[in-house]
Amino acid sequence: MAKSTVGFKCPRCQRICYSRTSRPASSETIERYYICRDSEYGFVFKTFHVFTQFICRPVPPDSILKAHEQPITRPVPEKTVSHTMRLE
């Protein structure tokens with residue numbers, strides 16, 4: 001299995017670790033095993049990556065289609081009165 005570099009740090013030496021393997025623990029949780037790059041002790045540990053919340057609400061596909069069908073209307077700018085004064 002190929003090792004990938006990820007941004008999780010070793011709790012002991014604070015070096016970036018390799019992700020050795022991972023598996024889903026539930027539909028919203030992943031259990032991931034890491035191995036430290038320090039070859040003296042080869043510390044192995046695991047983490048749980050958990051879904052916490054949505055950041056933005058996805059746009060339903062049917063609303064996108066409706067938006068493309070409607071003509072784009074732009075507001076009519078109000079007429080402005082311009083006064084100029086000539087200085088002599």
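**View 1. Secondary structure of the predicted model.** Residues are numbered from 1 along each chain as its sequence is written. Because the model is predicted, local features need pLDDT of at least 70 and side-chain atom pairs count only at pLDDT 80 or more, while totals for chains, interfaces and linings use all residues; side-chain values use heavy atoms, with hydrogens and water left out.

**View 2. Surface and contacts of the protein.** The accessible surface amounts to about 8,400 Å², and carbon and sulfur atoms contribute 55% of this area (Shrake-Rupley method, 1.4 Å probe; for residues, only the protein chains shown count as cover). Of the 88 residues, 11% are buried (buried: under 20% relative accessible area; exposed: over 50%; partly exposed: in between; 1.4 Å probe, protein chains only). Among contacts (heavy atoms within 4.5 Å) between residues at least 6 apart in sequence, 18% join residues at least 24 apart.

**View 3. The loop at Gln14.** Gln14 lies between strand E1 (4-9) and strand E2 (16-26). Its phi is near 65°, a positive value in a residue other than glycine. With a relative accessible area of 48%, Gln14 is partly exposed.

View 4. The model contains zero disulfides, a disulfide being a pair of cysteine sulfur atoms within 2.5 Å. For Cys17, the nearest cysteine sulfur belongs to Cys36 and is 4.8 Å away. Cys17 is buried at 0% relative accessibility, whereas Cys56 is exposed at 61%.

Terms used: Helix = DSSP H or I, 4+ residues; strand = E, 2+ residues; numbered from the N terminus.
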